[in-house]
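Reader: I would like to learn how to read salt bridges and cavities in a protein model. Could you walk me through an example?

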Amino acid sequence: MSDRGDTTDGGGDDLGATVAALTADDIAPARRRQLLTRMVSQARSRGISDLFKPRAAVRWMTDTVAEIAPHVPVRDLATLRRHFPGLDDAALAERLIRNASRATAGIGAAGGGVAAVEWTVAPTLLSAPVLLAAETVAVVAVELKLIGELHEIHGVALPGAGGQRAVALVHSWATQRGVNPMVPGVGVGAVLGTAARKEMRDMLLRRFGRNLTTLGPFLTGAAVASFLNRRATRQMADQLQVDLRRQGIARPAPPPALPGPPTGT
C-alpha cells in the first residue's frame, strides 16, 4: 500500500494538490513527468515572469514552498507501521530515505525529460527558468514529507497541523536540524520574516543552481540531475537524523509481522 496522493486534471490552479501528488512513493515515470509538466503550466498561469533573475526565482520559490508546505502529506507513525509492517525504527527510517531519494531522483529525471522535449520546440529558453523553479519546489516538497515522517519515527513531536506544522517542516529543512518542541508555533508569514527566511532562500538558491543540470543536452541532464537530487536528499536526511537521535525517545520494537513482504515500496 502506498500513500499515493493524486489530483484531478480538472480546472483550477491547485498547485498544492499537484505537488502533494509528486511526493508519493510509487509514481510511474510517465505520471511524474505529467505532474511536473502540469506544475510548470500552473506556475505559468499565475503570470510568472522574470525568473531569469536569480532573486526573482528564489523569491517565487520561497513563496511557493510556504504555500504548498501545509499540503504536504505526512504520515503518522501508525500509518507508517501499517504501510511498512515488520520494520523496526532504523529499518523504517532507511526505507523512507531510500524512497524519498528515489522520488527526488525521479523528479530530476522527469525535469530532464521535459527539458529534452522543450529543446525541440520554441520558445525553449522562455520555459527553462519556470521548469527549474518547479523542479526545485517539487524536490523540496518530497524532502519536507521525509522530514515530517522521520520526526514521527524518532518520536520528536511536530506542532499541530496546517500552518504551524508547515513552519516547523520548512525551518527544519532550511537548517537541516530537528524541530525544537520548546519553540512556540507561529504563522508561516511570521517565521518567513525572520532569519529563517534567509536560510531558506540560501538553501533554495543552492538547489536551484544545482538543478541547472536538468538543461543538459538530450537526456544527459536528466541523468546528472537524478544523481545529484538523490545524493542531496540522502545527505540531508543523514544530517537530520543525527540531530533527531539526540532529541528522540526510545520505543520498544514493533511486534513481529506475519510472514510476507512489506506492502510499501
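Reader: Are Glu149 and Arg75 buried or exposed?

Author: In this predicted model, Glu149 and Arg75 are both buried.

Reader: What do the side chains of Glu149 and Arg75 form?

Author: Start with the general idea. Side chains of opposite charge can pair when their charged atoms come close. Here, the side chains of Glu149 and Arg75 meet in a salt bridge, with 2.8 Å from N to O. Glu149 sits in helix α6, while Arg75 is in the loop between α3 and α4, so to speak a link between distant parts of the chain, 74 residues apart.

Reader: Which residues are linked with Arg75 and Glu149 in a network of salt bridges?

Author: Asp25 joins Arg75 and Glu149 in that network. In total, the structure holds seven salt bridges. Another one pairs Asp89 with Arg81, at 2.6 Å from N to O.

Reader: Which residues line the largest cavity?

Author: Among them are Asp25, Arg75 and Glu149, along with Leu96 and Val142. Two elements, α5 and α6, each give two or more residues to this lining. By class, the lining has six nonpolar, two polar and four charged residues. The space inside is about 80 Å³.

Reader: How far apart in helix α10 are Arg246 and Asp243?

Author: Three residues, about one turn of the helix. Arg246 and Asp243 form a salt bridge too, their closest N and O atoms being 2.8 Å apart.

Reader: Why does Arg246 count as exposed?

Author: Because its relative accessibility is 58%, and exposed means over 50%. Asp243 is buried, because its relative accessible area is 6%, and buried means under 20%.

Technical notes
Residues numbered from 1 in each chain as written. Predicted model: local features only at pLDDT ≥ 70, side-chain atom pairs only at ≥ 80, totals over all residues. Heavy atoms only, no water. 1 Å grid on protein atoms, 1.4 Å probe; cavity = no way out; pocket = protein on both sides within 12 Å on 5 of 7 lines; lining within 4 Å. Points joined across faces, edges and corners; volume = space filled by probe spheres on them. Helix = DSSP H or I, 4+ residues; strand = E, 2+ residues; numbered from the N terminus. Nonpolar A, V, L, I, M, F, W, Y, C, P; charged D, E, K, R; others polar. Salt bridge = Lys/Arg side-chain N within 4 Å of Asp/Glu carboxyl O. Buried < 20%, exposed > 50% of the residue type's maximum accessible area, 1.4 Å probe, protein only.
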